[in-house]
Amino acid sequence: QVQLVESGGGVVRAGGSLRLSCSASGSIFSINSMGWYRQAPGKQRELVATSTNGGGRNYADAVKGRFTLSRDSAKNTVYLQMTSLEPEDTAVYYCTMQVLTGERWSIIWGQGTQVTVSS
């Protein structure tokens, strides 16, 4: 069974930075897409940033120029570097990966990590 473990959340003042990490463990043959979503209180989960194994990147308009997704395929790890944080970025951040286990692809989610930005 594949699990994603996230770390790096916390409380930061507006204008500050945080780096989130998410590592996959278990029986993994391959990973295609890796990404981050977030969910603020009372709102739906929304895309933050995603990447494909081919190197493509996709960012939400709200975070373009401030957040950077990177991945270390050798470590089955994805990162989210967040800079110039704003109170509106406060949310639970979830990582997700498309993982090949056995003969099928599955979408796996992490447990979420809280990011709180104070004004």
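Is Ser84 buried or exposed, or partly exposed? Ser84 is partly exposed, at a relative accessible area of 40%; buried means under 20%, exposed over 50%, and partly exposed in between, with a 1.4 Å probe and protein chains only.

Before I go on, this is a predicted model, where local features need pLDDT of at least 70, side-chain atom pairs count only at pLDDT 80 or more, and totals for chains, interfaces and linings use all residues. Residues are numbered from 1 along each chain as its sequence is written, and side-chain values use heavy atoms, with hydrogens and water left out.

Back to Ser84. Its phi is near 45°, a positive value in a residue other than glycine, and Ser84 sits in the loop between E8 and E9. Strands (E, at least two residues) are DSSP runs, numbered from the N terminus. Asn76 also has a positive phi, about 50°, and is not a glycine. Asn76 lies in the loop between strand E7 (67-72) and strand E8 (77-82), and is partly exposed at 22% relative accessibility.

Now the sheet. Four strands form an open, antiparallel sheet in the order E1-E3-E8-E7, where two strands pair if DSSP finds at least two bridges between them. Strand E1 (3-7) and E7 are at the edges with a single partner strand each, so one side of each has no neighbour in the sheet. E7 and E8 pair over six bridges, in the antiparallel sense. Leu69 has Leu80 in E8 as its bridge partner.

Next, the salt bridges. The whole structure has five, a salt bridge being a side-chain nitrogen of Lys or Arg within 4 Å of a carboxyl oxygen of Asp or Glu. Arg66, buried at 11% relative accessibility, forms one with Asp89, with the closest N and O atoms 2.8 Å apart. That pair links distant parts of the chain: Arg66 is in the loop between E6 and E7, Asp89 in the loop between E8 and E9, 23 residues apart. Asp89 is buried, with a relative accessible area of 1%. Arg66 also forms a salt bridge with Glu86, at 3.9 Å between the closest N and O atoms. Glu86 is partly exposed, at 33%.

Glu46 and Arg38 form a salt bridge too, their closest N and O atoms 2.8 Å apart. Arg38 counts as buried at 6%, whereas Glu46 counts as partly exposed at 38%. Arg38, Glu46, Arg66, Glu86 and Asp89 are linked in a network of salt bridges.

Last, Thr96, in strand E9 (residues 91-101). Thr96 is buried, with a relative accessible area of 9%.
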